[in-house]
Each structure stands twice: as structure tokens, then as C-alpha cells.
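Open the model alongside its sequence. The paragraphs below lead through it step by step.

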Amino acid sequence: MSRDAPLPTTVAELQALVLEQQASIENMVREIAARDDEIERLKAQIDKLRRMYFGSKSEKLARQIDKLEAQLEDLTAGQGAAETRGHRDKTSTAPPGRAPTREPLPPHLPRDEIELTPNPACPKCATTMQRLGEDVSEQLARVAAAFKVIRTIRHKLCCPDCGHIEQPAMPSLPIEHSIAHPSLLADIAVSKFADHQPLYRQSEIAARDGVTLDRASMGRWIGQIAELCGPLVEAIQRYVLVAGKVHVDDTPVAVLAPGNGKTVTGRFWVYVRDDHRSGSSEPAAVWFDFSSNRKGVHPQTRLAAFRGTLQADAYAGYVASKFMWRRWLRVRACPIAPDSCPHIKNASEQLKLLQERHQRRQRGRAP
């Protein structure tokens, strides 16, 4: 109804006009809310992309991303509550909101089919009805993790003539004489290191199912798992360092100091083998090495036998030896002719000065 149109004169027409405008307002409110949700979702995606492309700013953006994601969760929760109230209120005259866009459920998931078939006899004329078609809807279900006990029964056989006793050997376990099955050990390790569930919280979760998992026992299991994974870690280390080019960086990590309950700053040294952008088809791999400080002796020891190109930052610990210094210079050498760009020319001159200074220091240390 336009603004210049005359107003209705009867009560029925006025009521119809009010209901129409109310429905229009509610529809616009839904559209605005959906638009706000989309804006917040796009902001969160943009910030995530920035963190992916600019790793040095990841710590600064972490809190902002968490805040945006929390706001997005609140907005979607409010939208869901409004939809539930709309379905519950049968007298609402507002038009239905925009249906959410749903992606198809993953095809690799198992399907449990529930078939609902009506009575074949027609309720109006009792004639046997024929198949016309079907409507299929899918809902995503979650099968909760459950504990179970695996009993291994080893039967004994005895020879009645000579008295020989035969019994199958006990199957090997990751931790001998332990109640922990390999599946339980894997779940505890993944929950602790991938899902950030501390052992005391895992113990509380198990207690809800009536299972007692002692924190001290789980702590010992974690240590034994780490020891058992040693050969795998060494294999990853060999695979990463045998490559012709390795990316290295370090990041601080808070470590709980034993005894006083305070935290100290340790270091994770990250060694990456990934040359896909250069056309390599070899699998990428990452090897983590921990140290209690940032002394250069840690990367120097790990890279002592490495022969290739090292891509790293300007941390002095990488360039303490002549070999490492050459690797650092080669990574930063530009393939473009220095004379073609004043900035590149200036950088090339700076590198030459650094190299000459390093050579003078090496000559001064020689006996």
C-alpha cells in the first residue's frame, strides 16, 4: 500500500492492513538478521585467510578471530531459537523465513535406512494402491564413544599320554601387562594432543560411564606411547632432512616447570619438507623438535649433516657456522639482476658486506 493511498474505512480492512504490515516487518527483520549473519561469517573467513597467508600475525589475530566466531555462534543460536518459537507458535501469521542452505551429507558415512510404508488399502474405496514414488530425508546422527572390555581367553590343551601342555601365546600389546588396549591409548593421546583435553578432564569424562581411569596411570601411558613412537619420529626426521630444501622456524611454547608450578618459555623448532609449489610430487612432512631455550646449538646440531638449501629467518643461530652462513646467503640471493632494481642492488650490497664481515671474523679466529 502506497503512502498516498487512502486508509481503509472499515475495521476488517484495517485489521487486514495491520496484519499485512506486521508480516512484512517480520520478514524484513529475518532478512536483516540473515544478512548480519552472513557479514559476520565472511569477516571470520577473511580473518582466517589472513592468518593463513600472514603467519607472523597469527598471534595478534587469534583473539579477534575467537571473538568473531563466538559472536557468530551467538547469532546463529538466536536465529535457531527464533525459528523454534515460530514453529511452536501456530497462530503466527508471519511468512516462513528463508530456508538455510545445506550441503549434502558425506557419501562415505554408513546409512541406516528406516522405511515407512502406508497401508496399501485405499482408505476411501479399499482398492489396493500402487507405488507412486518416495520422499527421502537424511539426518546426521552421532554414535557416542563407548567403553568395552576385550577378553582374551587362551585355552590350554593337555596330552593324556605324555602330559604335554599346549597354550597359544598372548598377543603382543603396546604396553605389556596393562589394561590399556591400543584403541584406548590412541584415544587418550589424540584427545590430549589434538583435542587439547587434559588427562584430568578425560578422567572425568570416563567417570560418567562408570569407568575409573587414574590420571597417574594415563600419565605413564602417555610417556610409554612417546617412547614407542620414537622410531616413527626418527623416520620423519630422516625423511625431512634428506630433502634438498628445508624450511625451518621456531615458535615459543609455555612449559610447566617441575616443582614450583610456574611456566618457562621453551621452543618448538619446526622443520618442513614441502616443495609442491616447485612441482615436486613427493609427500610433504613436518618434524617438530623441542628445546628448553633458543640457543643456536639446537638447530646447528640437527642440521650438522644437512646438505641443501635452508630457508629460514635472520636468526643468528642458523649462521653460526660457515656452512650455515652460506645456506642463509644462498636462500636470500635474488635471481633478478641487481642492476635492474635499486632495492635489489642495495640488498645485494648489504649481503656482500655481511659476507665480508663474516669472513674477517673467521680469519681472526684462525690460529
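The model is predicted. The protein chain has 367 residues, and 19% of them count as buried. Its secondary structure comes to nine helices and six strands. The accessible surface of the chain is about 29,400 Å². Carbon and sulfur atoms hold 56% of that surface. Now take the contacts in the chain with a separation of 6 or more: residues 24 or more positions apart account for 44% of them.

Start with two helices. Two packed helices are described by the angle between their axes and the distance between the axes. Helix H3 spans residues 182-193, and helix H5 spans residues 215-228. Their axes come within 10 Å and cross at roughly 90 degrees. Angles of 65 to 115 degrees count as roughly perpendicular, so H3 is roughly perpendicular to H5. Which residues make the contact? On H3 they are Leu184, Leu185, Ile188, Ala189, Lys192 and Phe193. On H5 they are Met218, Trp221, Ile222 and Ile225.

Pro174 belongs in this part of the tour. Pro174 lies in the loop between strand E2 (165-166) and H3. Its relative accessibility is 35%, so Pro174 counts as partly exposed. Leaving out residues up to four places away in sequence, Pro174 touches Pro182, Leu185 and Leu228. Take Leu228 from that list. Pro174 and Leu228 are 54 residues apart in sequence, yet their C-alpha atoms are 7.8 Å apart in space.

Next come the salt bridges. The structure holds seven.

Asp250 and Arg267 form one of them, with the closest N and O atoms 2.8 Å apart. The pair links distant parts of the chain: Asp250 is in strand E3, Arg267 is in strand E4, and 17 residues separate them. Are these two residues buried or exposed? The cut-off for buried is under 20% relative accessible area. Asp250 has 10%, so Asp250 counts as buried. Arg267 has 17%, so Arg267 is buried too. The pair is part of a network: salt bridges that share partners join Asp250, Arg267 and Arg294.

The side chain of Lys245 meets that of Asp275, at 3.2 Å from N to O. Lys245 has a relative accessible area of 28%, so Lys245 is partly exposed. Asp275 has 30%, so Asp275 is partly exposed.

Glu138 is in the loop between H2 and E1, and so is Arg111. The two are 27 residues apart, and the pair links distant parts of the chain. Glu138 is at 46% relative accessibility and counts as partly exposed. Arg111 has a relative accessible area of 36% and is partly exposed.

Turn to the surface. Phe268, Val286, Phe288 and Phe290 form a nonpolar patch there. Together these residues have about 370 Å² of accessible area. Which strand gives the most to the patch? Strand E5 (residues 285-291) does, with three residues. Phe288 has its place in strand E5.

Finish with the backbone. Two residues other than glycine have a positive phi. One is Ala126, with phi near 70 degrees. Ala126 lies in the loop between helix H2 (58-88) and strand E1 (157-158). The other is His196, with phi near 60 degrees. His196 is found in the loop between H3 and helix H4 (199-207). The cut-off for exposed is over 50%. Ala126 has a relative accessible area of 58%, so Ala126 is exposed. His196 is at 62%, so His196 counts as exposed.

Conventions
Residues are numbered from 1 along each chain as its sequence is written. This is a predicted model: local features need pLDDT of at least 70, side-chain atom pairs count only at pLDDT 80 or more; totals for chains, interfaces and linings use all residues. Side-chain values use heavy atoms; hydrogens and water are left out. Patches are made of residues with over 30% relative accessible area and no salt bridge: like charges are joined within 9 Å, nonpolar side chains (Val, Leu, Ile, Met, Phe, Trp, Tyr) within 5 Å. Accessible areas come from the Shrake-Rupley method with a 1.4 Å probe; for residues, only the protein chains shown count as cover. A salt bridge is a side-chain nitrogen of Lys or Arg within 4 Å of a carboxyl oxygen of Asp or Glu. Helices (H or I, at least four residues) and strands (E, at least two) are DSSP runs, numbered from the N terminus. Buried means under 20% relative accessible area, exposed over 50%, partly exposed in between (1.4 Å probe, protein chains only). Contact means heavy atoms within 4.5 Å. Axes are lines fitted to C-alpha atoms, for helices over the stretch in contact, and angles run from 0 to 180 degrees between N-to-C directions. Angles under 35 degrees count as roughly parallel, over 145 as roughly antiparallel, 65 to 115 as roughly perpendicular and the rest as oblique.
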